[in-house]
Each structure stands twice: as structure tokens, then as C-alpha cells.
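Dear colleague,

I am handing over the structure below, and after it I describe what was found there. Please keep it open beside this message while you read.

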Amino acid sequence: MKSILLVIAVLFMDGIQDVGKIGKINQYKKLAQNAFENKQFKEAEHYFKYLTDTLKVQEDEVVINLGHTYLQLNESESAAQCYEKILSSKNKKNASIAANQLGVLSFNQNQDKDKAKSLFKEALRYDAENEKARHNLEWISKLRDQDQKNQQNKNKDKNENKDQKDQQKDKGD
């Protein structure tokens, strides 16, 4: 009988600790979100990092919001690391958000239109209703088309200039 009571007491204490931890997690989520909404990004980073590092919260939303916070702090590499963690998420909407953000980072950091386009397509494969990814894909496609037209015009001008020089050279001989 005493051992049963001891087991119940231990289980009850574990339950109380879990409830306390859940309360603390919810408290820090709220603090982090409020700080972010009030554009207090260093403070938001502190709360989100406390959630992920100390309380070991790895929920997609927390990691994504930490990534968004890093973006606001111009810490692109840290933001990318957060988004990369979410790409393998079972929640395809969150994976789509992460792929879209990585596409934006790829373009903004390296002007890598091909990689950005690939990531925007990946975002739409995860969630076909992601309008931000759709908009970004259309935008990057237009940029790439314009680049190709500019390159064709440049090549055409170069060939025309060469032809003119050749004609002038022929006249001079």
C-alpha cells in the first residue's frame, strides 16, 4: 500500500512539474511574441532563445519566429539555420514558409536567382496556397527573363559593333 502511494505521489509531482513547465513555456511565448510585435527584436530574440535553448521547445512556430527575429536583426545566417530546421517539418505549411524565406534570403544575400526560384517552387510544392511564395516565384521569374533579354541585347550590340568594325576595316584596306 505504501509503495502504491509513493508511486502516485511521484506521478503527481511529475505532473505538477510538467504543468509548471507548460505554464513557463506559454509565458515566454507570449513575451517573445509581444516583444516582436512591438519591434523589440533583441528582447524577442532573448525570449525565443530561452524557449529553444533552455526549455528545449522545438515547435515549428517558435523556430520560425526566431528566424523572423534574426531577419529583423540582420542576422541572415542565423535566420537561415532556423528556416532550414523547418524544411523537414511534418507541417507542410510551415515547411512552405521556411522554403519561401530561404528563397528570399538566397536572393538578398547572393543575388542567386536560380536558387531562389528553386526554393520558391519548393515552397509551393509544400503548400500550393502560399501566396507569398507564388508572388515571389512570379517576381523572380520576371527578373530572370529580363536578365536574359538584357544579355541577348548585349550580345546583339556586341555583334553589331564587331560587324561595323569589320566593315570599316574592309573599307580601309
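Leu-119 is buried, with a relative accessible area of 9%, where buried means under 20% relative accessible area, exposed means over 50% and partly exposed lies in between, all with a 1.4 Å probe and protein chains only. This is a predicted model, in which local features need pLDDT of at least 70 and side-chain atom pairs count only at pLDDT 80 or more, while totals for chains, interfaces and linings use all residues. Residues are numbered from 1 along each chain as its sequence is written, and side-chain values use heavy atoms, with hydrogens and water left out.

Leu-119 has its place in helix α6, helices being DSSP runs of H or I with at least four residues and strands being runs of E with at least two, numbered from the N terminus. If residues up to four places away in sequence are not counted, Leu-119 touches Ala-99, Leu-102, Gly-103 and Ser-106, and contact here means heavy atoms within 4.5 Å. The C-alpha atoms of Leu-119 and Ala-98 are separated by 9.2 Å, although the two residues are 21 residues apart along the chain.

The axes of α5 and α6 come within 8 Å and cross at roughly 170°, with axes taken as lines fitted to C-alpha atoms, for helices over the stretch in contact, and angles running from 0 to 180 degrees between N-to-C directions. That makes α5 roughly antiparallel to α6, a term for angles over 145 degrees, whereas those under 35 count as roughly parallel, 65 to 115 as roughly perpendicular and the rest as oblique. By class, the contact of α5 with α6 has 11 nonpolar, four polar and four charged residues; nonpolar covers Ala, Val, Leu, Ile, Met, Phe, Trp, Tyr, Cys and Pro, charged covers Asp, Glu, Lys and Arg, and polar covers the others, Gly among them.

Asp-127 lies in the loop between α6 (113-126) and α7 (131-172). Asp-127 is buried too, with a relative accessible area of 12%, and it touches Lys-92, Lys-93 and Ser-96 when residues up to four places away in sequence are not counted.

A second pair consists of helix α2 (residues 41-54) and helix α3 (residues 60-72), which pack at an angle of about 150° with their axes 9 Å apart. The two are therefore roughly antiparallel to each other. The residues of the contact of α2 with α3 divide into eight nonpolar, four polar and two charged, and among those that meet are Phe-41, Ala-44 and Phe-48 in α2 and Val-62, Leu-66 and Tyr-70 in α3.

Which residues of helix α4 (residues 76-86) are buried? They are Ala-79, Ala-80, Cys-82, Tyr-83 and Ile-86. These residues cover an arc of only 160° around the axis, which puts them on the same side of α4, the arc being that of the directions from the helix axis to the C-beta atoms. On the other side of α4, Glu-77 and Lys-85 are exposed, while what covers the buried residues of α4 includes α3 and α5 (92-110).

Finally, the chain as a whole has seven helices and zero strands. Buried residues make up 32% of its 173 residues, and residues 24 or more positions apart account for 45% of the contacts in the chain with a separation of 6 or more.
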